[in-house]
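The following exercises concern one protein model. Each consists of a task and a solution in steps.

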Amino acid sequence: MTTTWSGSHTFGAATVHRPRTLEELQELVAVSRRVRALGSRHSFNDLADSPGDLVVLDALAATDGVAVDPVARTATAPAGMRYGELARELHARGWALHAMASLPHIGLAGAVATATHGSGDHARNLAAGVAGLELVGADGTLRVLDRGDDELAGSVVALGALGVVTRVTFDVEPTYDVAQTVDLDLPWDAALEHFDEITASADSVSLFTDWSGPAVQQVWRKARVRAGDERAEVERYGARPATAKKHPIAGIDPVACTPQLGEPGPWHERLPHFRLDFTPSSGDELQSEYLLPRRHAAAALAAVRALSSVVTPLLLVSEVRTVAADDLWLSTAHGVDTVALHFTWKQVPEVAHVLPTIEDALAPFDARPHWGKLFADRERDLARLYPRWDDFRALVARRDPGGVFTNDFLARHVL
Ligand SMILES: Cc1cc2nc3c(=O)[nH]c(=O)nc-3n(C[C@H](O)[C@H](O)[C@H](O)COP(=O)(O)OP(=O)(O)OC[C@H]3O[C@@H](n4cnc5c(N)ncnc54)[C@H](O)[C@@H]3O)c2cc1C
């Protein structure tokens, strides 16, 4: 039986297909009443499931390659490839992506379909770096979208609802190095008062906390470096630099983490927190995340801190990140610079009870739940949070009138 990576959801789909050629995939979709694409299974809810069959593109990815267009500064890669594999290949050829998520193990199409993001005041999410898509539509025909096409902004963060993406084209830039450092015990008062200065202090900044106590436990900074650059001292606001490598979760061996202590190295070996050749954790966890306009950051952080007595006991760790605004219709950073409040939970049933409490506390700040993580299963008005919501629904109605790619999740939350 196939489950999500963490075992949080067991897929009900009858069959998982592994087409070896594009034609095989097109034929499969054309004759299917219900079928959906499954990526690397790193989502935590039933988003990827299908009332019919599932299709996985790893066999197709194995026979396809990465094509770089140095003039357009784009790279086209098979949808079933993992981010870490694309990154290694791009770096070897002198190119880079603008951002990566915390782990490099996630699939390209699956990650952009849910607006997966890293951190950085100027770093838009991974989907915003998509310059084009190839996808097999409900009737089995292959469509190609690029930035000249109005539909692209509605088709990248598409939750699998518009078809099976077979290739993704990304913006690329010349490869660069990054140095990563960790600070410990940033006083909460300083974190709230100087939030903007702290998140601006490197290209990518993450605050790790369990919401209890007087200090944020860890501040991770990832800064681009050029050979010969003097490293500027950052203002630490009362935190102290770590003198040994750290894992974000207290007590876990940091061996799976990317190099720290300021040692410069290629972007793809520093921007993710975890190394491609290691399992990021045991998988014995659940995740939730809420993204909201960053102008509310201090108030939202204070609101969750006030819930520490119910949140902290269920938590492995929380991470606070920033994401730059984009224009993708269902992006969780659509139209507004965003702060993301992430929760890595113990895998216990009590988590389902605490989510509505957190959501009530964050409701005044127009928090958007991460599409691929757990949020409370209750009546909600997501449409209010996405100005292009009706356009997305109209696009789905146009592209998939028979509902080949719909499922329970889409029926409950979107359609
Ligand atoms: C340990 C861990 C760390 C994580 N870290 C981060 C993080 O740093 N930032 C963040 O934002 N998220 C993070 N996530 C969440 C994760 O990035 C998302 O859930 C992402 O969608 C997973 O990609 P996937 O390939 O596993 O997709 P799946 O979970 O397999 O599928 C997700 C969606 O993508 C669709 N899809 C997949 N492939 C295709 C395709 N070929 N064509 C069309 N649709 C497709 C599916 O139908 C489904 O709707 C993390 C998850 C885990 C388990």
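**Exercise 1: the surroundings of His273**

The side chains of His273 and Glu319 are joined by a polar contact of 2.8 Å, where a polar contact is a pair of N or O atoms within 3.5 Å; within protein, one must be able to donate a hydrogen and the other to accept it, and residues adjacent in sequence count only if both atoms are side-chain atoms. The model is predicted, so local features need pLDDT of at least 70 and side-chain atom pairs count only at pLDDT 80 or more, whereas totals for chains, interfaces and linings use all residues. Residues are numbered from 1 along each chain as its sequence is written, and side-chain values use heavy atoms, with hydrogens and water left out.

Task. Determine where His273 lies and whether His273 is buried or exposed.

Solution. 
1. His273 belongs to the loop between strand 15 (265-266) and strand 16 (285-293). Helices (H or I, at least four residues) and strands (E, at least two) are DSSP runs, numbered from the N terminus.
2. His273 counts as buried because its relative accessibility is 4%; buried means under 20% relative accessible area, exposed over 50%, partly exposed in between (1.4 Å probe, protein chains only).
3. Leaving aside residues up to four places away in sequence, the residues that His273 touches include Trp220, Lys222, Cys257 and Glu319. Contact means heavy atoms within 4.5 Å.

**Exercise 2: the pairing of strand 7**

Solution. 
1. Strand 7 spans residues 130-136, and seven of its seven residues are buried.
2. Strands 7 and 8 form a hairpin with five residues between them, and Gly140 in the turn has a positive phi of about 90 degrees.

**Exercise 3: the buried side of helix 8**

Task. Identify the buried residues of helix 8 (residues 297-305) and explain why they are on the same side.

Solution. 
1. The buried residues are Ala297, Ala300, Leu301, Ala303 and Val304.
2. These residues cover an arc of only 160 degrees around the axis, and therefore they lie on the same side of helix 8. The arc is that of the directions from the helix axis to the C-beta atoms.

Key
Pairing = 2+ DSSP bridges.
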